[in-house]
Amino acid sequence: ENKDQKFVYDFTEGNKDLKDLLGGKGANLAEMTNLGLPVPPGFTITTEACKVYLESGDEPAELRDEVSAHLDALEQKMGKKLGQADNPLLVSVRSGAKFSMPGMMDTVLNIGLSDESVAGLAQQAGDERFAWDSYRRLIQMFGKTVLGVDGELFEDALEEAKAAKKVTVDTDLDAADLKKLVKQFKKIVKTEAGRDFPQDPREQMDLAICSVFESWNTDRAKLYRRQERIPGDLGTAVNICSMVFGNLGPDSGTGVAFTRDPASGHQGVYGDYLQNAQGEDVVAGIRNTVPLADLESIDKKSYDQLMQIMETLENHYKDLCDIEFTIERGQLWMLQTRVGKRTAGAAFRIATQLVDQGLIDEAEALQRVNGAQLAQLMFPRFDDRAKTELLGRGIAASPGAAVGKAVFDSYTAVKWSRSGEKVILIRRETNPDDLDGMIAAEGILTSRGGKTSHAAVVARGMGKTCVCGAEELEVDTKRRRMTVNGTVIEEGDLVSVDGSTGKVYKGEVPVVPSPVVEYFEGRMHAGADDADELVQAVHRIMAYADRVRRLRVRANADNAEDALRARRFGAQGIGLCRTEHMFLGERREMVEKLILADTDDEREEALRALLPQQKQDFVELFEAMDGLPVTVRLLDPPLHEFLPDITELSVRVALAEARKDHNENDLRLLQAVHRLHEQNPMLGLRGVRLGLVIPGLFTMQVRAIAEAAAQRIEAKGDPRAEIMIPLVGTVQELEIVREEAEQVIAEVRQQTGIDLKLALGTMIELPRAALTAGQIAEAAEFFSFGTNDLTQTVWGFSRDDVEASFFTAYLEKGIFGVSPFETIDKDGVGSLVRNAVEAGRATRPDLKLGVCGEHGGDPESVHFFHEVGLDYVSCSPFRIPVARLEAGRAAA
Ligand code: PEP
Ligand code: MG
């Protein structure tokens, strides 16, 4: 261990960049102190001390001495001693981690009060009632948080005291009442904690410090960290700050303020003030606060000073700050500041406003927003102007605005949605059996469970609106109804669910499209009169991102409509066209014929029928993406996916047999289904393996691509087709397919007289492919990482099952903070990607590299792909703006 390690920093020693060590609160208190702002003097114990304490169960040896030295200095500065009988120094002991964890950890105020010093405080303040009230608060807070006494016991005693006096508010208790209450509180401590409330002020302080350390590891703090993805090993700092009082009369008070509106970003006076009160009273909502602007008439001098300080802070932090302050008898004190939370829309507006004010540059503006915020702005939302009837509120688990008829079981959800009804699936909680219902529903609403509950995880995975843990809802699935605060919602009643705010409304709330999507769709121009400030801000930020990003962004799209939307959203090509989607619907019959073919002739005939259809698909796609690359992947899924369900078909055949009504085709189908049945179809006959064992299948597709490209060239178009082979595990597979493909392309060249150029490459989606990427690159002009299958095969997780089965448990246990199917597992899957990139480029320096798994549109994963040097990411059309933004942020 480091001998010179310092565990305590005076507020004058730290700065805002030391958040790791001093926590957010401590670092910012130090920063404000150094800016010359009025911060009550104090010092901060580092997160390092907390880590030592949590590891060894004891304070580091040097800590007490360091605290003593700093306390001495503080006492000197303040001209009084901690707990001194006639003129006590009082301090607060507050937690403060690197990342804000509101209300999760401990804080104790008024440390230093005792049976002796309470009189000193009374004299100092000239207010006996105030002194006894402060003492009573100390015993209550200390008893509850440090000594673990049930807080209700104190609350009950307080209520009894008020009842006995027939008053309703705390302030109606006088000094004598509070003195009695203190006696009672001390008795509660003695009985419940088995010890006296400590009279030694230093003992109070040391116990409070340890209690703050320990509060890092309470269950609720752990749960919060897991949900917010805050690492569990950071520890908390402890801030010891001399007390100032906002409850010393009408010339005192406490408040919160923002340097600009956290909802709109507009500059102005935003905040609340409460006269004659302490911070806790504001949070507890004991009395109504007044708008901050009213402070001007209450205390002009403090108000003016506060405005000045807010300007200083904003210019210094170059960002929106939020502030907690206290006024003690006309003297303003700053208790906290930090860069403030804001809505997604405000984040974009503030970033551009600060650029215009010359406070930050464009690169910095990109860091002030993120893809998750942009995604949030792209969801349709409920019309703010609509009249609504709020039923209740839960956790905003998956954003969006969903309206539909209430249903209370998955069976009904599926049945109703099949007949064209929009439904909201309402359950107490969901489980894997509800999956069909969740897919069928517009939105999902549960009364139990948090952000990592089954409903929340699965809904987010599906991009479906979800509110979970709405505890006021009494869901009665048997009687198919729910009761919320007296209102009964029966099956079939309309409800509206806002997955961005967690609010649930009765009836149908009108939904308005997102103006940001209207803008991306080209239906609104940033320069137009009706374009709001938000659209202009998004427009500007996207322009910065596009200017600096190195990664290109392509779309996963299989038809012209999606391709055109993707183009409007800024796609620079198609990174994955899944051709299997072209074999569904009415073409399923042709595919059946292909599968059932007994002879070469039958098979060739089936392929001949498919060829013109495929060709037309590609012509449309190449036209939509004219001038930009289009990667077409040859058929990937196991063939049984194109055949009827085995159970359904068996029943049909059995019933027909019983009626002695033989259907030859069904019988042949059933045989084929049995023949193709696999225990592990995802590891079976699919991808390149199909191309190798079904003669003519891949060559038909290659011919369709080549002929379509030739047709587009004849029409003066500019097709840039690339042919991609899925599920390759070894270079030999690729070599065989490549040879056949080249032959077909040569034939088409000859037939059409057009000099076609078609790149041929492969997906890297099996561990073996990644491990032998150097060899595979010899036969591939490009790689596209299929991180869906790669994640599935690297972890051995079935991508179709695990998220609905055991991922909830894994997330709850903190095994990972987010599904590896959502955000790339950098250490495992990512390290294979990194190695394959290096090995591939070593073989073929101009190898083109992309990714087309779901991770291509995930913000964190985009940063990773930038870092490992891919050329592009490919994602679904709606995520393209997010990928562009994150690619810009990664490069800026
Ligand atoms: C992949 O595996 O990542 C991929 C893009 O292919 P698919 O999702 O179609 O299996
Ligand atoms: Mg795949």
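1. Helices (H or I, at least four residues) and strands (E, at least two) are taken here as DSSP runs, numbered from the N terminus. This is a predicted model, in which local features need pLDDT of at least 70 and side-chain atom pairs count only at pLDDT 80 or more, while totals for chains, interfaces and linings use all residues. Residues are numbered from 1 along each chain as its sequence is written, and chains are lettered from A and ligands numbered from 1 in the order in which they are written.

2. An unreviewed UniProt entry places the annotation "domain: PEP-utilising enzyme C-terminal" on residues 536-887, and such annotations may be inferred rather than shown by experiment. The span 536-887 is 55% helix and 11% strand, and its end C-alpha atoms lie 20 Å apart.

3. The domain assignment, whose bounds come from an automatic or database source, divides the chain into domain 1 (8-242), domain 2 (253-339), domain 3 (380-512), domain 4 (549-638 + 688-891) and domain 5 (639-677). Between the C-alpha centres of domain 2 and domain 3 the distance is 38 Å.

4. Ligand 1 is surrounded by Leu576, Arg578, Asp636, Glu765, Gly786, Thr787, Asn788, Asp789, Cys852 and Gly853, where a residue counts as near if its C-beta atom, placed from the backbone, lies within 6 Å of the molecule. Two or more residues of this shell come from each of β25 (574-578) and α31 (787-795), and α31 gives the largest share, 3 residues.

5. In helix α15 (residues 371-378), 7 of the 8 residues are buried, that is, 20 or more other C-beta atoms, placed from the backbone, lie within 10 Å of their own.

Technical notes. Buried ≥ 20, exposed ≤ 12 C-beta atoms within 10 Å, placed from the backbone.
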